[in-house]
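Notebook open. I want to look up the aromatic contacts here, ring against ring and charge against ring.

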Amino acid sequence: ERSYSAILTGLFTAEAAEKEKSPQTKISAKNALEKQRPIVGKPLGAEDRIIFGVGDSYRWDVNRIDKVQMLLPMGAPQDLATIKDFEPSWSADGSKIVFVSVRNHPPFDNPFAIDNYRRLFIMNADGSDQTLLAGALLGPESEPSFSPDGEKVVFVAQYDGQEPGIYTVNVHGSGNATQVDTSACLPNGFNGWKSKPARRVTESNSSEPGFLGYDTPNFSPDGNWIIFGKNELGIIGASPMAVGNHVYRVSANGGGGCSILYEPDVISDSHPTAAKYSPDGTKISLYRVEGYGDSAVRKLRIINASTGALIADHTPVEFFGNAVWSPDGTKLAYTTGYYDTKMQADVVGQRIGTYDLATSTSEVVFDSMGADGVRGLSWGTPAAIAPAMSMRINQPNPVSSGQPTSGTLNLRDPAPVGGA
């Protein structure tokens with residue numbers, strides 16, 4: 001009797017073998033060999049690291065435990081946060097990580113209800129000093145990322161029964177979130193497209209970006225702009241009910257106005273774009289889908305960050321979106337997937353791949369060994385200097401109410417004789 005994970009792994013291998021025959025993609029012989037065994041981790045760069053969320057079960061399992069892990073040059077990934085934690089993102093200087101956690105949710109039989117308890121946390125690069133980025137508003141928070149100076153976090157939220165929106169919060173301030181003005185990007189803004197009604201959390205797939213209608217807000221490297229994707233309902237050609245994900249740009253300083261950088265021109269392009277600025281701010285990567293099912297062509301599109309003009313389309317092996325740039329801007333990491341012809345559904349998030357823009361070569365760097373395993377990723381360079389003092393809770397963590405636990409206090413510099 002085969003397990004659910006083993007069945008999906010077998011389907012993935014068979015599907016991947018067919019796709020590798022396509023002349024549209026280029027894959028190294030080394031990668032082809034790696035598909036025959038589980039991938040633990042591979043060296044990336046001398047100092048840079050990929051962090052990611054990974055779960056131990058399928059996405060609707062209420063007992064699923066997600067961890068934030070970091071790929072190391074050798075051996076198994078390092079655990080950074082282990083209490084139902086996911087969607088991590090590096091700060092620009094590599095000293096902090098912001099992530100989402102549902103660690104405080106009450107017991108539920110309904111997995112959708114758990115998403116209402118999504119909260120933002122910040123920790124040091126080594127996983128210490130995990131701190132709730134708290135505010136007075138209640139509701140699900142999603143897909144956070146830092147401003148270039150590390151002073152703010154931008155994210156998607158749906159607070160207190162309001163419509164979903166883009167928000168920022170000061171890392172060292174009051175913790176109260178401020179909504180970003182996206183009003184000029186909403187109904188009838190561009191070419192006849194109309195805004196799609198807000199999604200209800202209980203009807204969505206929260207393991208993928210955009211489950212609240214907006215997706216992947218992030219600052220430009222100069223801090224002046226915020227881009228994000230938004231799911232829109234409108235018209236393309238003869239289709240009166242097309243659904244497509246647009247990429248918009250607004251001022252990070254509340255100046256109003258909105259620019260459209262990407263608008264789908266095929267009705268199949270309805271997946272979250274997960275648009276991301278390149279490290280130098282000149283380009284934006286996004287996810288584009290042409291066609292349906294097993295015949296769909298899934299593209300990594302690179303556009304001009306100022307004008308939205310097409311620069312290039314790439315087809316990484318088993319690319320299923322969620323691309324993030326390497327610190328030097330020469331590669332992107334992404335989540336892999338395949339189309340299950342029996343279930344007639346996408347199976348996403350089993351592996352992490354990297355794609356070299358210069359050589360068009362894909363490589364697997366991590367395998368979660370299960371569908372929906374990977375849940376958010378980020379590529380950065382950890383800070384070389386540790387904080388002067390930090391605290392990390394030891395395992396087991398968490399513990400039940402009334403049970404003892406312990407923590408480890410780390411000092412960067414030795415304490416003087418006799419104490420400080």
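My entries on rings and charges follow.

I am working with a predicted model, where local features need pLDDT of at least 70, side-chain atom pairs count only at pLDDT 80 or more, and totals for chains, interfaces and linings use all residues. I number residues from 1 along each chain as its sequence is written, and side-chain values use heavy atoms, with hydrogens and water left out.

Entry: ring pairs. I looked up the total and found 8 aromatic pairs. Rings of Phe, Tyr and Trp (its six-membered ring) pair if their centres lie within 6.5 Å; planes under 30 degrees apart are stacked, over 60 edge-to-face, the rest tilted.

I took Phe228 and Tyr248 from the set. Their pair is tilted, at 5.7 Å centre to centre and 50° between the planes. Phe228 sits in strand β15 (residues 225-236) and Tyr248 in strand β16 (residues 239-251), 20 residues apart. Strands are DSSP runs (E, at least two residues), numbered from the N terminus. Both Phe228 and Tyr248 are buried, that is, under 20% relative accessible area (1.4 Å probe, protein chains only).

I then checked Phe319 and Tyr334. This pair is edge-to-face, with 5.3 Å between centres and 75° between planes. Phe319 is in the loop between β21 (310-314) and β22 (324-325) and Tyr334 is in strand β23 (residues 331-340), so the pair ties together parts 15 residues apart in sequence. Phe319 and Tyr334 are buried.

Entry: cluster. Phe155, Tyr159 and Tyr167 form one aromatic cluster.

Entry: charges over rings. I count NZ of Lys or CZ of Arg within 6 Å of the ring centre and within 35 degrees of the ring normal. The charged end of Arg103 sits over the Phe121 ring, 4.5 Å from its centre. Lys230 lies over the face of Tyr214, 5.4 Å from the ring centre.

Key: Helices (H or I, at least four residues) and strands (E, at least two) are DSSP runs, numbered from the N terminus. Buried means under 20% relative accessible area, exposed over 50%, partly exposed in between (1.4 Å probe, protein chains only).
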